[in-house]
Structure formats: structure tokens, C-alpha cells
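Have a look at the model first, and then read on.

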Amino acid sequence: MSLAATPPSLPTRIADQNWPALEAELDARGCAILPGLLTREECEATAALYDVGAAFRSRVVMSRHGFGRGEYQYFAYPLPDPVQALREALYPRLAPLANRWNDRMGIEVRYPADHAEFLARCHAAGQLRPTPLLLRYGPDDYNCLHQDLYGEHVFPLQAAVLLSQPGRDFTGGEFVLTEQRPRLQSRAEVAPLIQGDLIVFAVHHRPVTGTRGSYRVNLRHGVSRIRSGARHTLGVIFHDAL
């Protein structure tokens, strides 16, 4: 009996993505999916961390704050290896796009190529607390539309990995992104994620080309109601919090 092949490292898997196509999708829609980035085993191992208290710095019950229903925990430093690897490998792929977006929107902020250098900027401003998080939802739980800002220094893109399998582990619970353009009604984008998919999306705003050049549109994201089962998600945010 042959043994299953060991999957490539996460940085290799990320490097092997079609980044020109992903950037085009982010430009067009504000989100893009890296399908099957994590294996089922990696997803289950990450979800199991939820009950390892020492891995986290704080826990939030969403209903207590009007955020929705369900709960999440922010990881403590040092981050678990897969979370750290995702942060370090995704950031340099996204920083050039983030800089182009800011240029188009007339925002002077520019992001360094290296994530450690960007974190040093956050930490110098007092944003010292790690922001990657693990979310857990049960029946009738949901996440209200929101933005993960956390302080003055905000990287304009973030990522999430669905750790559970729709139809097997839960029903409902779709990832939703809404976009508000000036003088228009909001547009909703529902991402058809399956276990192991990673979605990159805009944190706050992105540029859209109009008749008079580029302008900013505002985005929010959330999760629709879980109808049955349990749903776990890993959130990867690149800036730290005050």
C-alpha cells in the first residue's frame, strides 16, 4: 500500500497560485478564492485549537456586543505555525496590490514588502495585540456585517479559511460581502466556499473605476445564519490591534 503524498508547504501552495488572475478578481469584485488551500486534516487540526485555551489571548461572545451570535477567540503570540505561515506568505503577495489600490484612491500610505516590517509599524503605534482569530458558530448563529479595523494602521486586505465542510458539518452559514457605491444600493457577493478554501477580501474599501477616474467603495463582510451543525473559520488579519 502506498502512502499518501505529503502536501507541499503552505508557502509553496500560496506561491503556486495564479496571482495575476487572483489580483484581477480582487480588482473586479473585492474578493478572490484560493480553492482547497488547506487539507481536510489541516482544517480539522486548526478547528480543534478552539478548545486549547493557552493558544488564545481573549474570547468574544458576539451576542453580548451586538455583533451577531456565536463566538470567536483571538490567538496569542506566538501564533500557531499554520496561522503564522499564512500571514507571512500571503502578505507579500498582497502588498503590491494594496499599494496600487491606495495610489488609485489617493491614499498616501504605502506598505512594505515584508510583513515583519509592517507589524513593526503597527507595534510602534501601540497596536501590539495579534488579530488572527478562530470563529465557532452553531445553529442559528450568524455574524453581522462589519469591518476589522482595530487601529490607525490597517492593511486593506484580509483572509479567511473555511475549516468545516458545508452539507456535512453544517448548513447555511454563507460568507457574505457587501459593497456600497455612492448613490447606489448595496451589492451583495456570496462566496461558495468549501472546506479548505481561503478567501481574500477587502477590509474597508477598494477602488472602482468610474467616468471621472477611480473612487472608493465601502465594503463589509459577515456570515449568514447557520441552519444546522457547527461551522469553524480561521480569520487572518495582517495588522495588529490596539
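In strand β11, Leu198, Val200 and Ala202 point one way while Ile199 and Phe201 point the other way, and all of them are buried (under 20% relative accessible area, with a 1.4 Å probe and protein chains only). In a regular strand, side chains alternate between the two faces of the sheet. β11 covers residues 198-202 and is mostly covered, with five of its five residues buried. Strands here are DSSP runs of E with at least two residues, and helices are runs of H or I with at least four, numbered from the N terminus.

This is a predicted model: local features need pLDDT of at least 70 and side-chain atom pairs count only at pLDDT 80 or more, while totals for chains, interfaces and linings use all residues. Residues are numbered from 1 along each chain as its sequence is written, and side-chain values use heavy atoms, leaving out hydrogens and water.

Now to the helices. α2 (residues 19-29) packs against α4 (residues 81-104) at an angle of about 40 degrees, with the axes 11 Å apart. Axes are lines fitted to C-alpha atoms over the stretch in contact, and angles run from 0 to 180 degrees between N-to-C directions. Contact (heavy atoms within 4.5 Å) involves Trp19, Glu23, Leu26 and Asp27 of α2, and residues of α4 including Leu90, Arg93 and Trp101.

Notes:
Buried < 20%, exposed > 50% of the residue type's maximum accessible area, 1.4 Å probe, protein only.
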